[in-house]
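Here's a quick look around the inside of a protein model. Have the sequence and the 3D view open as you read.

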Amino acid sequence: MEITFYKYQGTGNDFVMIDNRQAFFDIKNQALVASLCERRMGIGADGLILLQNRAGYDFEMVYFNADGRLGSMCGNGGRCTVQFAKQLGVITDKAYFLAADGDHYASISSDGTVSLKMNDVQAIECADNFYFLNTGSPHYVEFVEDLNQYEVFQKGRSIRYNDRFKAEGTNVNFAELGQLDEPMFVRTYERGVEDETFSCGTGVTATAIAASFKGRTNPVKIKTLGGNLEVAFNRNGEMVTDIYLIGPAVLVFEGKISV
Ligand SMILES: N[C@H](CCC[C@H](N)C(=O)O)C(=O)O
């Protein structure tokens with residue numbers, strides 16, 4: 001079988017996108033998803049996303065991690081899927097879609113920036129040296145010094161596989177608070193990729209919310225290895241509403257692959 005695919009990236013978090021409105025793709029085939037995401041033998045990506053028809057919505061986004069497992073919510077992938085829906089003519093500049101964690105609204109501005117509404121956060125664990133919250137996917141957030149030199153892979157991996165998290169896994173974000181008038185630098189070790197990625201949208205969202213406990217004011221501008229994002233929200237104690245993840249989402253190339 002030959003599959004037509006599109007490769008998108010959102011601040012360097014990259015995805016294989018497939019138009020599955022005809023429902024030809026076998027979503028149970030984890031080995032196929034993993035092989036398409038593999039960087040040497042396949043197309044290469046942090047995840048794979050199917051755009052599907054869904055009654056009552058413009059479309060449904062089905063997201064898989066690079067390891068082939070069905071994932072939870074993906075913020076950068078969500079923004080890329082909105083651009084992909086526009087490319088396919090499914091939407092124009094506004095979208096209402098279903099993802100693993102429920103409904104999402106999004107809009108595309110004239111410069112191509114995608115603003116994606118994220119689900120409300122209902123609980124935030126504030127521990128001595130970290131925060132833990134779910135922004136559609138689970139995120140551990142720790143503030144550190146000298147993030148450029150920080151061993152994100154080793155430290156992230158040891159937290160992801162510690163006794164608390166090893167069964168379900170978690171994504172692990174490290175951030176440097178920095179000057180409050182400059183973008184905050186964030187790096188993320190991602191579950192399901194099991195490596196540091198260039199950016200993680202739900203992770204950046206979680207980190208922006210955690211940083212609001214440390215004096216960062218809303219909206220929070222973020223710098224990742226792959227580019228800049230912005231997170232706007234309203235936080236009242238542990239309740240966070242009106243959360244928007246804002247940034248670019250770009251088509252890189254398209255092609256066909258025989259599987
Ligand atoms: N990169 C994604 C997050 C994927 C989350 C996934 N790695 C997991 O929780 O298993 C994002 O932009 O939000």
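## V16 and its neighbours

Skip the neighbours within four places in sequence, and V16 is in contact with F5, K7, L36, C37, I43, A45 and L48 (contact: C-beta atoms, placed from the backbone, within 7 Å). This is a predicted model, where local features need pLDDT of at least 70, side-chain atom pairs count only at 80 or more, and totals for chains, interfaces and linings use all residues. Residues are numbered from 1 along each chain as its sequence is written.

## The core

V16 also turns up in the largest nonpolar core, a set of 67 residues, where V16, M17, L48, I49 and I209 have the most contacts inside it. A nonpolar core here means buried Ala, Val, Leu, Ile, Met, Phe, Trp, Tyr and Cys residues joined through C-beta atoms within 7 Å. Helix α4 (residues 201–211) gives the most to this core, six residues.

## Helix α2

Helix α2 covers residues 75–88 (helices are DSSP runs of H or I, at least four residues, numbered from the N terminus). Of its 14 residues, 11 are buried, so α2 is largely enclosed by the rest of the structure. Buried means 20 or more other C-beta atoms within 10 Å of a residue's own, with C-beta atoms placed from the backbone. Just past α2, G89 has a positive phi of about 80°.

Terms used:
Helix = DSSP H or I, 4+ residues; strand = E, 2+ residues; numbered from the N terminus. Expected span 1.5 Å × (residues − 1). Buried ≥ 20, exposed ≤ 12 C-beta atoms within 10 Å, placed from the backbone. Contact = placed C-beta atoms within 7 Å.
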